Amino acid sequence: STMDPRPRILMDGRPLLDPTNGGIFEYASRLLPPLRAFRAFSIEVWANRFKGVFPDGIDHATRWPNKLLHAGIRILKRPRIDRLAAVRPPDLFWAPNPHFIALSRNVPLALTIHDLSFERYPEFFSMKQRLWHAAVSPRRLARLARRVLAVSDHAKSELVTLYGLDPAKIEVTPEGCDARYFEAPAISPDA
């Protein structure tokens with residue numbers, strides 16, 4: 001078999017492990033199938049979980065204790081995620097949200113930012129959430145990213161205002177809507 005010549009995107013699949021199926025889970029899980037169907041590039045998914053079952057669709061699974069993985073990335077910039085999922089180096093690493101990320105120098109980061117409410121309104125976040133944001137440092141990640149995907153014009157303007165990002169590196173990529181919302185409801189003939 002010959003190696004796939006298409007550009008290879010490695011996706012951070014940790015949002016797919018969210019037991020609460022929150023907003024980032026919805027965003028990542030609904031976007032993945034159409035991205036996999038798009039033939040211009042290949043997309044593979046990496047995720048880490050120390051214990052438990054990985055959901056379908058995780059191509060590269062690692063089993064590091066999360067606290068160890070996060071501390072290593074935060075303090076030592078190791079391990080590098082692209083090397084944990086090394087079949088061949090990815091052409092791009094896409095993170096559907098800010099997380100603990102360390103990459104090799106030659107692997108560009110594309111980072112989705114949904115909003116900066118945690119910056120504007122920290123009082124609405126728990127101490128644990130505030131500590132998590134401080135440790136992950138979305139501002140640093142957004143500055144390191146080759147491209148930042150903002151889900152709205154408002155998010156883009158916040159990234160420019162609060163983080164001082166160059167508007168040229170921010171792409172507004174509005175979140176979609178499930179196709180079922182475009183189907184006419186079935187109406188019974190007796191109605």
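Rings of Phe, Tyr and Trp (its six-membered ring) pair if their centres lie within 6.5 Å; planes under 30 degrees apart count as stacked, over 60 as edge-to-face and the rest as tilted. This is a predicted model: local features need pLDDT of at least 70, side-chain atom pairs count only at pLDDT 80 or more, and totals for chains, interfaces and linings use all residues. Residues are numbered from 1 along each chain as its sequence is written, and side-chain values use heavy atoms, with hydrogens and water left out.

**View 1. The aromatic pair Phe38 and Phe41.** Four aromatic pairs turn up in a search of the whole structure. One of them joins Phe38 and Phe41, with 5.2 Å from centre to centre and 50° between the planes, a tilted pair. Phe38 is partly exposed at 46% relative accessible area, whereas Phe41 is buried at 15%. Buried means under 20% relative accessible area, exposed over 50%, and partly exposed in between (1.4 Å probe, protein chains only).

**View 2. The aromatic pair Tyr121 and Phe124.** The ring centres of Tyr121 and Phe124 lie 6.1 Å apart, and their planes meet at 55°, so this pair is tilted. Tyr121 is partly exposed, with 44% relative accessibility. Phe124 is exposed, at 65%.

**View 3. The largest nonpolar core.** Such a core is a set of buried Ala, Val, Leu, Ile, Met, Phe, Trp, Tyr and Cys residues joined through side-chain atoms within 4.5 Å. Elements that give it two or more residues include helix H2 (66-76), strand S4 (92-95) and helix H7 (153-163). A second, separate core has 16 residues, among them Ile9, Leu32, Phe41 and Val45.

**View 4. The surroundings of Phe93.** Contact here means heavy atoms within 4.5 Å. Neighbours within four places in sequence are left aside. Phe93 then contacts Leu10, Met11, Asp12, Ile81, Ile101, Leu103, Val107, Pro108, Leu109 and Ala110.

**View 5. Strands S5, S6 and S7.** Helices (H or I, at least four residues) and strands (E, at least two) are DSSP runs, numbered from the N terminus. Two strands pair if DSSP finds at least two bridges between them. S5 and S6 run parallel, joined by four bridges. Leu111 has Val148 in S6 as its bridge partner. S6 and S7 (residues 170-172) also run parallel, with three bridges. Here Leu149 is partnered by Glu171 in S7.
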